[in-house]
Amino acid sequence: MKALQHLNKYFLKYKYRLIVGILITIISKIFLLFTPELIGSSIDVVNEYRLGTITDISIVKQELLINIAYIIGAALITGILTFFMRQTIINVSRYIEYDLKNEVYHQYQVLALNFYKKNRTGDLMNRISEDVGRVRMYAGPAIMYSINTITLFIIAIGFMYKQAPMLTLYTVVPLPILSVIIYKLSKTIHKRSTIVQQYLSKLSSFTQESFSGISIIKAYGMESQVSSNFNELAATSKQKQLDLVRVNAFFFPMMILLIGISNIIVIYIGGLQYMAGEISLGVITKFIIYVNMLTWPVATVGWVTSIIQQAEASQKRINEFLDITPEIKNNHVESTNIIGNIEFKNVSFTYDDTNIQALKNVSFNIKQGETLAIIGKTGSGKSTILDLIGRLYDVNSGEILIDNTPITSVNLTSLREQIGYVPQDAFLFSDTINNNIKFGKEDATDQEVIEAAKQAQVHKNIIKFSKGYNTVLGERGITLSGGQKQRVSIARAIIKNPNILLFDDCLSAVDTETEEKILKNLKKVSTGKTTIIVSHRISSVKNADKILVLDDGKITQAGSHETLVTIDGYYKSLYLEQISDTTNPNS
Ligand SMILES: Nc1ncnc2c1ncn2[C@@H]1O[C@H](COP(=O)(O)OP(=O)(O)OP(=O)(O)O)[C@@H](O)[C@H]1O
């Protein structure tokens, strides 16, 4: 129960609703227990008339009518109170579920990229949906059923014991056995349903992936292979479902068996006591109703225990994430005015999951308003430099200064607000093009969106779609070509109008003519802004104020285009190679 203590703050938050809910539950159970008493006394009055103790039929009729009216009244009140019981306690559990989901989601948002590398997406999703769902079962139904059971038990056993102590003892004996059996069954059901759940997720991931990769599957003629893999998975999933159905099928027969046993005990022992004149017929009737009334709550003891155990395990998993302190911390509370001077001083950086040293002793600086280009072989560390400027990671050694202040002492929100980042792999949300561009500036006007799209050379493409800027993009923006996606992503950075623009090889999928136009526009847009362009193309970097050549995490060359083309090295050879490609397209 230690992990579940995390929920105490929420119970405290909703304490008034909970207290009202608990009171309503108790009162509703009291009303529920009127019924057996009234039925018992009705049977007794009829029996007394039959035995001749009462001779006036009108007395019997009147007694019966009154009892029926009370029974209807009690049932109505119980029904209404049960409605409010669920409206309070179950609602509280939904509020707690909502709060907990928000808490987990908020934590996900503040955790650094490293966290996402160490944990699989499926696991992150599970903790926010399934685990929180299991915890809700504890916060709502488990509490409600526990109060139900305790109240019913105390009142009913009290009533029963007062009327026939021996009979009470005999009838309650099978009930704990029922609890234990249901507990064991619930545990097995839980175990098997977890397996079923895992297979269902496997099936849905498999299906989702095969739909996303349908063009590859078709192009390689792999339909039948994929189908048979699916069949195999589906067959195992079916088997697991059947295993679950088998244990589930035990649940109700077991309950009926135990209720039956209790009923037989009541009839047998009660019958003996009736014949000995110790109890009336009405008492036997009441007991049968009590036993039936108590069976379900007693069974829920086992069920609730299993729910609490599952909730404890789930909350433990949730707490594992909630207890992680974000690696990237905002050390400076007040906002910082970012102008855009950037300096790397002997920066080295190693990715701790792969142990790859991506940057080795890198030093350079860019003044506000300058354009820096980074070129180099694949895997040389170019994107890593951009990630470090956005403080997606902290350096291992050396220092990054933003406007002469260590990046770790700059307000994190201010820093990121002043960065317009266009990643290598343009990610677009399943939303309209308009909203995807506006992601950079939520309050942007339609005119601003159009202007940004024009600068990114994508406006003409967008207006060709029948819904223009309101075209909804599918998953990962599949309706757009690679180059169009890159340009929408550029428009998103432009509209933000930040002081630092980071372009990570984001023109790779556009033709050289469009690249030229975009670069021309970017020159206008980036006036006064610090710009870093990462690219493999000389055409993209040649106009930069400064060019860095990176190789295996080290700066091997630095200077302007004019200087670098005169020095033997990577830059010059790449230049000559790309020049000959453009002058001799058939080569
Ligand atoms: N998130 C990551 N986790 C672990 N290792 C990484 C990660 N990102 C990059 N690396 C490794 O760090 C090195 C530098 O990668 P980086 O992406 O910075 O290179 P790059 O020059 O941008 O490459 P490309 O031109 O192919 O985009 C590579 O060896 C890469 O495998």
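Residues are numbered from 1 along each chain as its sequence is written. In this predicted model, local features need pLDDT of at least 70, side-chain atom pairs count only at pLDDT 80 or more, and totals for chains, interfaces and linings use all residues.

Me: What makes residues 512-525 a helix, and how does the span of α18 fit?
Reply: A helix is a DSSP run of H or I with at least four residues, numbered from the N terminus.

Me: Which residues of α18 are called buried?
Reply: Buried means 20 or more other C-beta atoms within 10 Å of a residue's own; exposed means 12 or fewer; partly exposed lies in between; C-beta atoms are placed from the backbone. Ile518, Leu519, Leu522 and Val525 are buried. They cover an arc of only 115° around the axis, so they sit on the same side of α18. That arc is taken from the directions from the helix axis to the C-beta atoms. The face turned away carries exposed Glu513, Lys523 and Lys524.

Me: Which residues come nearest the ligand?
Reply: Near means a C-beta atom, placed from the backbone, within 6 Å. Of the 15 residues around the ligand, Tyr351, Thr378, Lys382, Ser383 and Thr384 come nearest. Helix α12 gives the largest share of the shell, three residues.

Me: How does the radius of gyration of the protein compare with a compact globule?
Reply: The radius is taken over C-alpha atoms, and the globule rule is 2.2 Å times the number of residues to the power 0.38. For 587 residues a compact globule would have a radius near 25 Å, but the protein has 36 Å.

Methods. Helices (H or I, at least four residues) and strands (E, at least two) are DSSP runs, numbered from the N terminus.
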